[in-house]
Amino acid sequence: MPVTRGFNRRRETTPGDRLPPGQYLERGFPVLSAGPTPETPLDEWTFRITGAVDAEREWTWEEFQALEKETPTVDIHCVTTWSKFDTTWEGVSVDTLLDGVEPLGGYVTAFSDGGYTTNLPLEDLTGGRAWVVYGFDGEALEPEHGGPARLLVPHLYFWKSAKWVRGLYFMESDDPGFWETLGYHDRGDPWLEQRYQGD
Amino acid sequence: MSSVIRATDWREATVAAIAPETPRAATLTLDVPGWDGHRAGQHVDVRLTAEDGYRAQRSYSIASAPEDGRPMITVEELFDGEVSPWFVQVAAEGDMFEVRGPFGGWFVWDASETQPIMLIAGGSGLVPLMSMLRHRRNAGSQVPAKLLVSAREADDVLYARELETIGVDVVLTYTRRAPRDWTGYTRRVDRAMLQETAILGGRTYICGPTTFVETVADHLVALGEPPANIRTERFGGG
């Protein structure tokens, strides 16, 4: 690998095994999105499990709040190369949402207010690895960070953690979402540095 | 074995030229083996390697037009940054680092498009918008276009001279200190300013720091712009 003359490490962080390749540790919380932040009144908000499932499900905001809560503390990794350690969220495990649901397809499109979608294989959403969160750091999740609720799939690049999420649409085959259609990787594993199509 | 270079392949780029833009920003013209052009608004990923093997990677918008051939990036030095100071203070002709790209298929504009375009920049968020304006000029596009730039002071305005002849109306607002004889805006972009200056009803591109982009996009939606016509790009980090 070529050495860049005069370039030196400036950050005295020793993230060890927790920082995926090509990432750096960020103390702030930058955001990435494609357009304006949508506003959805909570009395109009629902979360739906739909598509290829045996029976569709839908929760109102109030019903959603009554579901079993979890408070995962996780590291997150944005494709724009920042990572943030030990972020604490509050929300509902996707396992809980799928309790009693029979999926008839192995692929999911998460859909959001504003028309944003992202695709994930079902296996990336289950097994205690994905949540629909409405709290961050002990507070209600702010709109610019995806509130009232966003998906949280911390083992994949953060664009998979769809902001303003409103439901999961099950399918029998994979269907690329918004960023995935625009050149970003279909799966987005930060440890394999799957940033773009072709990585 | 295929010898085709893909956008995702890291390549060793050489700094062919470097020019200061402002006291805190520089434009680098790059020689990138196998560079196959880009679309206005796209970015590259760069990777710098220190003597001890430490590597740092960032994304930078391309400032040049697709017609310019060699890609140019403009980098603004960020306070406490790790990578941006190297580009602004250390980099010299002949220096090498790794590049891959171009990437991005959303925050892009092509001269074949016919909608009016409103471009709104906060600080160095002007870089990808400049690529679009240069592309518009080079292609002889006649689509109505306008640029609104928010800068702290005159020293922060990238491409100031070129903007005078870029062929679109340019509106500047200074948020910290205006030049002595300035009679234009001297405040942050707000709803009234957008109402007075923005081309509404076409497509809008907004690029800048997160809060800038967030605020401007919210105001435009409040003014009745369909969210689907507003494309944003934000940056943060060092």
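In which strand of chain B is B:P102 found? The answer is in point 2.

1. This is a predicted model, in which local features need pLDDT of at least 70, side-chain atom pairs count only at pLDDT 80 or more, and totals for chains, interfaces and linings use all residues. Residues are numbered from 1 along each chain as its sequence is written, chains are lettered from A and ligands numbered from 1 in the order in which they are written, and side-chain values use heavy atoms, with hydrogens and water left out.

2. B:P102 belongs to strand β6 of chain B, residues 96-103. Helices (H or I, at least four residues) and strands (E, at least two) are DSSP runs, numbered from the N terminus. The peptide bond leading from B:G101 into B:P102 is cis, with omega near 5°.

3. In chain A, the bond from A:G147 to A:P148 is also a cis peptide bond, and its omega is near 15°. A:P148 sits in the loop between β9 (139-140) and β10 (150-152).

4. Most residues other than glycine have a negative phi, and most peptide bonds are trans.

5. A:E193, which is not a glycine, has a positive phi of about 50°. Its place is the segment after α3 (178-181) of chain A. A:E193 has 15% relative accessibility and therefore counts as buried; buried means under 20% relative accessible area, exposed over 50%, and partly exposed in between, with a 1.4 Å probe and protein chains only.

6. B:Y159 has a positive phi, near 55°. This residue lies in the loop between β8 (145-153) and α3 (160-163) of chain B. B:Y159 is buried, at a relative accessible area of 4%.
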